[in-house]
Amino acid sequence: MANGTIAFDTLSTSGQISGTAKSLDTDYLAYGSAKAWFHIDNGAASTIALGDSFNAANSSGITDGGTGIYNFNFGSNMANANYSLTMGSQPASGFPDKPQINSQATGSFQCRQGHASDEVDAAIYNATVNGDLA
């Protein structure tokens, strides 16, 4: 069986709740939705773990760069390093931690979780990426 291409401008489905037709312009799928998101949960043992994600590299979606440093790796690269990156965190301690971007590249980004001038591990860390895929 040969693989082919399906082309369409609008994706439609019948609604489960109201029974009326629903549609979504394919431009929204390509340009208006998040291209990646990551949720990490350090847990009580402060061991970094990818809790859930979209477009994360399979075995290396998240790697530990040291205390408070997180490396996020995409499954599919971004078109360039000029994507929008939004982060949020829950501090592991009573300190008001600040998530910060260390670097952005087409295949990854690195963030730090800081308190004053030191890095600290976050209990929970979330990141969302919007932009164009390669």
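Which backbone oxygen lies 3.0 Å from a polar atom of the side chain of N55? The backbone oxygen is that of K35, and this contact is one of several details described below for what is a predicted model. The briefing takes up an open sheet of 4 strands, two asparagines, N55 and N73, that touch each other, a set of 8 aromatic pairs, and 1 salt bridge.

**The open sheet**

- The 4 strands of the open sheet follow the order 4-3-11-7, and their pairing is antiparallel.
- Strand 4, which covers residues 50-54, and strand 7, which covers 84-91, stand at the edges with a single partner strand each, so one side of each of them has no neighbour in the sheet.
- From one strand to the next, the twist of this sheet averages 5°.
- Strand 3, made of residues 36-41, pairs with strand 4 in the antiparallel sense over 4 bridges, and within these two strands I40 stands opposite L50 of strand 4.
- As a general point, the strands of a sheet pair through backbone hydrogen bonds, in either a parallel or an antiparallel way.

- N55 is found in the loop that runs between strand 4 and strand 5, the latter being residues 62-64.
- The relative accessible area of N55 is 15%, which is under the 20% limit, and N55 is therefore counted as buried.
- Not counting residues up to four places away in sequence, N55 touches K35, A36, F38, N73, F74, G75, S76 and L133.
- Although N55 and W37 are 18 residues apart in sequence, their C-alpha atoms are 7.1 Å apart in space.

**N73 and its surroundings**

- N73 belongs to strand 6, which consists of residues 69-73, and with a relative accessibility of 19% it counts as buried.
- The side chain of N73 reaches the backbone oxygen of S60 at a distance of 2.6 Å.
- When neighbours within four places in sequence are left aside, the residues in contact with N73 are F38, N55, A56, A57, S60, G61, T63, G107 and S108.

**Aromatic residues**

- The structure holds 8 aromatic pairs, and one of them joins F38 and F72 in an edge-to-face arrangement, with 5.0 Å from centre to centre and 65° between the planes.
- Because F38 lies in strand 3 and F72 in strand 6, this pair ties together parts that are 34 residues apart in sequence.
- Both partners count as buried, F38 at 1% relative accessibility and F72 with a relative accessible area of 0%.
- The rings of F74 and Y83 have centres 5.7 Å apart and planes at 80°, so this pair is edge-to-face.
- F74 is buried at 5% relative accessibility, and Y83 is buried with a relative accessible area of 6%.
- One aromatic cluster is formed by F38, Y70, F72, F74, Y83, F109 and Y125, and among its members F38 and F74 are also touched by N55.

**The salt bridge**

- The count of salt bridges comes to 1, and the side chains of E119 and R112 meet in a salt bridge at 2.8 Å, N to O.
- Of these residues, E119 counts as partly exposed at 33% relative accessibility, whereas R112 is buried with a relative accessible area of 10%.
- In general, side chains of opposite charge can pair when their charged atoms come close.

Definitions and conventions
Residues numbered from 1 in each chain as written. Predicted model: local features only at pLDDT ≥ 70, side-chain atom pairs only at ≥ 80, totals over all residues. Heavy atoms only, no water. Buried < 20%, exposed > 50% of the residue type's maximum accessible area, 1.4 Å probe, protein only. Pairing = 2+ DSSP bridges. Axes fitted to C-alpha atoms, helices over the stretch in contact; angles between N-to-C directions. Polar contact = N/O pair within 3.5 Å; in protein donor to acceptor, adjacent residues only side chain to side chain. Contact = heavy atoms within 4.5 Å. Phe/Tyr/Trp six-rings, centres within 6.5 Å; stacked < 30°, edge-to-face > 60°.
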